[in-house]
Amino acid sequence: MKEKSINCGIAGSGFAAKFHYEALLRVFSVKVDIKGAFSPTREKLGQFTDPRNLKAYGNIDELIDAVDVIHVCTPPLTHEPIVIAALRKNKHVIVEKPFTGYFGDGSKDFNGDKFPREEGLQQALASVKRMIDAEKKSKGKIMYAENWIYAPAIMKESDMIRKTKAQIIWMHGEESHSGSHSLTYGQWKFSGGGSMMGKGCHPLSAALYFKQVEGMTGNGKPIRPAAITARTHVVTRMPGYKNEGHLRTTYTDIEDFAMMHIVFEDGTFADIFASELVLGGVHNWIELNTNNHRTVCNINPNNAMQTYTPDEKHFKDVYIVEKTETKQGWSSVSPDESWFTGYQHEMEAFYRSAAFGDPVESNSTLAADTIATIYAGYLSAEKKGTEVQITLF
Ligand SMILES: NC(=O)c1ccc[n+]([C@@H]2O[C@H](COP(=O)([O-])OP(=O)(O)OC[C@H]3O[C@@H](n4cnc5c(N)ncnc54)[C@H](O)[C@@H]3O)[C@@H](O)[C@H]2O)c1
């Protein structure tokens, strides 16, 4: 194996850059040569590149020129310009979620609570279109780093849908935890939305993907989303919220709870929840009810390993699982977190695609459908849940 070698570079040097780097070390069918990284703050870039013996590039164009594949591990606001710059140079891009969005009108006092959602929808769709148009003109591909698609539980269920030829009737799923660590998360102008965007995109993409798989299995055509009813809430900024210090409360102008009801073009549906309001670690799951089986995919927590300690001081040097508030008592350990979350599997699949031309399961169509659904969802939420049709590309 590893006869083919591919160069890559990482845009960003924060949380996502680190897990991309770790996942790249575990790609086995292609030799990945990680050339270096770029991010605007020199000191923080050095903290990422120095211990890993990577080159710290002086600007994004230099990095793009030096590699075959660019990893876009930067705030959502910056995804479109980096993706388009790389595609113009015929490079492949592995772009983090959320794909793109609407980040305001550029004014200093832009407030994500207040802008008209129709404007957000139109601008987000225009951004998606620019990225897809750039991909059409490029020899490079967009690989949408939606790790849920490659999580073993989701891959196994996709296989089961293909083999059982199941009709998926109703799905429900969730991504929640006690609040994102990223400082830019929480400000609409950087993140393009709140829980529906930053967290809901994961289970939503999985639900959209499962219906694609069902459609491709049945009649060679994906079944795509048609309409959405959504609600959003702001809980941690409510005057009456009683802060006990366990949930993050520093969001400036985003929602911290979202509910989406998506109707597909065949009349079946999915319900997705996303929030910053859940204690006890990351809660990532999706359940499928089909006409011949029922499956629960527990991405996090799962019971692959459980441990108990009467005092968490014993576990001070032990990593247990993402975002757990305490290690005391019983814990559900994720013994190989990047395996359960699909991080290493997505890199394997993307590099197989770059090296050998394998099809990309998490592609720009899935990314586009996800963004089109979410921003139609924001419009529906503005109308307190009136159904909104979803624009497809
Ligand atoms: N798939 C997942 O499970 C997952 C988890 C966390 C974050 N993410 C996504 O990864 C992306 C980055 O999030 P994060 O948590 O790493 O944020 P972060 O704040 O930890 O890091 C962002 C990095 O981007 C850099 N940056 C900002 N503007 C840049 C630009 N124009 N060019 C190059 N670098 C730039 C910053 O300096 C920083 O190093 C987001 O899209 C986020 O939604 C995905």
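**Figure 1. Glycine 357 and helix H11 in a predicted model.** Just after H11, glycine 357 adopts a positive phi of about 80 degrees. The model is predicted: local features need pLDDT of at least 70 and side-chain atom pairs count only at pLDDT 80 or more, whereas totals for chains, interfaces and linings use all residues. Residues are numbered from 1 along each chain as its sequence is written. Helices (H or I, at least four residues) and strands (E, at least two) are DSSP runs, numbered from the N terminus. Helix H11 comprises the 14 residues 343-356, and its end C-alpha atoms lie 20 Å apart.

**Figure 2. Burial of helix H11.** Of the 14 residues of H11, 12 are buried. A residue is buried if 20 or more other C-beta atoms lie within 10 Å of its own, exposed if 12 or fewer, and partly exposed in between, with C-beta atoms placed from the backbone. Among the buried residues are Tyr343, His345, Met347, Phe350 and Tyr351.

**Figure 3. Strand S5 and its neighbours.** Strand S5 (residues 92-96) is largely enclosed by the rest of the structure, because 5 of its 5 residues are buried. His92, Ile94 and Glu96 are buried on one side, and Val93 and Val95 on the other. S5 pairs in the parallel sense with strand S4 (residues 69-72) over 4 bridges; two strands pair if DSSP finds at least two bridges between them. Histidine 92 in S5 is the bridge partner of valine 69. From S4, the chain passes through helix H4 (residues 79-88) to S5 in a right-handed β-α-β crossover. Right-handed denotes that, with the strands pointing away from the viewer, the path from the first strand over the helix to the second runs clockwise. S5 also pairs in the parallel sense with strand S6 (residues 142-145), over 4 bridges, and valine 95 stands opposite tyrosine 144 in S6. Together with helix H5 (residues 117-136), S5 and S6 make a right-handed β-α-β unit.

Figure 4. The protein is divided into domain 1 (5-146 + 345-362) and domain 2 (147-337 + 371-389), with bounds from an automatic or database domain assignment. The domain centres, taken over C-alpha atoms, are separated by 22 Å. Domain 1 contributes 30 residues to the contact and domain 2 contributes 28, where residues are in contact if their C-beta atoms, placed from the backbone, lie within 7 Å. On the side of domain 1 that touches domain 2, H5 and H11 are the elements that give two or more residues. H5 gives the most to this side, with 7 residues.

Technical notes:
The expected span of a helix is 1.5 Å times one less than its number of residues. Two residues are in contact if their C-beta atoms, placed from the backbone, lie within 7 Å.
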